[in-house]
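Subject: Structure handover

Hello,

Here is the structure I promised. Please open it next to this email and follow along.

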Amino acid sequence: MKARNKFLLGGVLVLGTASYLMASSIDETATYYLTPGELAAKVSDNPRFSKNGVKVGARVVDGTIKRDPGGRELTFVMTDGKQTYPVHYRGVAPDTFTDGVDIVVEGRLDANGVFQATTLLAKCASRYENAPGQPGQYPAGAKHPENIPKAS
């Protein structure tokens with residue numbers, strides 16, 4: 001067999017193997033989150049599902065956040081409008097974590113129906129949007145940075 005043919009055959013084998021490994025690992029590495037309603041359905045279908053670690057996307061119910069005086073533990077209730085779950089989280093909460101914010105929590109549902117979160121992510125795109133009104137305008141009475149006199 002010629003050296004060129006060996007090189008082409010080796011290249012095809014390497015590309016084929018790499019393609020197979022990428023395609024077969026997509027199912028394992030694809031991560032998405034469940035809603036509380038989907039989590040409830042999976043747990044009712046298979047009670048052992050609660051032993052699996054999952055990601056859940058929901059919204060924090062207003063007025064349910066209770067922080068530990070030490071600041072390293074908190075509890076709250078999450079909902080998707082259909083199902084609610086109490087959540088217990090140990091760790092430092094993100095700055096954007098407040099009432100009514102969309103969240104993604106990662107953890108497990110315990111035997112008491114409390115979601116024991118190990119990771120807490122708060123989504124808050126509106127915090128970084130422009131204030132109402134036209135872009136680039138400042139509220140009445142505010143000074144534009146270019147108009148503030150510089151110190152001599």
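Which residue takes a positive phi in the hairpin of strand 2 and strand 3? G71 does, with a phi near 85°. Five residues lie between the two strands of that hairpin.

First, the ground rules. This is a predicted model, numbered from 1 along each chain as its sequence is written, in which local features need pLDDT of at least 70, side-chain atom pairs count only at pLDDT 80 or more, and totals for chains, interfaces and linings use all residues. Side-chain values use heavy atoms, with hydrogens and water left out.

**Overall layout**

The protein has two helices and six strands. Helices (H or I, at least four residues) and strands (E, at least two) are DSSP runs, numbered from the N terminus. Their order from the N terminus is α-α-β-β-β-β-β-β. Of the 152 residues, 23% are buried. Buried means under 20% relative accessible area, exposed over 50%, and partly exposed in between (1.4 Å probe, protein chains only). The protein exposes about 11400 Å². Carbon and sulfur atoms supply 55% of that area. Accessible areas come from the Shrake-Rupley method with a 1.4 Å probe; for residues, only the protein chains shown count as cover. Among contacts with a separation of 6 or more, 47% join residues 24 or more positions apart. A contact means heavy atoms within 4.5 Å.

**The strands**

Two strands count as paired if DSSP finds at least two bridges between them. Start with strand 3 (residues 73–79). Seven bridges join strand 3 to strand 4 (residues 84–90), and the two run antiparallel. E73 has R90 as its bridge partner in strand 4. These two strands form a hairpin with four residues between them. G81 sits in that turn, with a positive phi of about 95°.

Strand 3 also pairs antiparallel with strand 2 (residues 66–67), over two bridges. There, R67 stands opposite L74. Strand 1 (residues 54–60) is joined to strand 3 by two bridges, again antiparallel. V60 is partnered with M78.

On to strand 5. Strand 1 pairs with strand 5 in the antiparallel sense over six bridges. G57 has V104 as its bridge partner. Strand 1 is mostly covered, with five of its seven residues buried.

**Helix 2**

Which residues of helix 2 (residues 36–45) are buried? They are P36, L39, A40 and V43.

**Two residues to look up**

A93 is in the loop between strand 4 and strand 5 (102–109). A93 counts as buried because its relative accessibility is 15%. Leaving aside neighbours within four places in sequence, A93 contacts R67, L74 and L120. A93 and L74 are 19 residues apart in sequence and 8.3 Å apart in space, C-alpha to C-alpha.

M1 is in the segment before helix 1 (3–29). M1 counts as exposed because its relative accessibility is 71%. Together with L9 and L13, M1 forms a nonpolar patch on the surface. The accessible area of the patch is about 360 Å². Patches are made of residues with over 30% relative accessible area and no salt bridge; like charges are joined within 9 Å, nonpolar side chains (Val, Leu, Ile, Met, Phe, Trp, Tyr) within 5 Å. A salt bridge is a side-chain nitrogen of Lys or Arg within 4 Å of a carboxyl oxygen of Asp or Glu.

Best wishes
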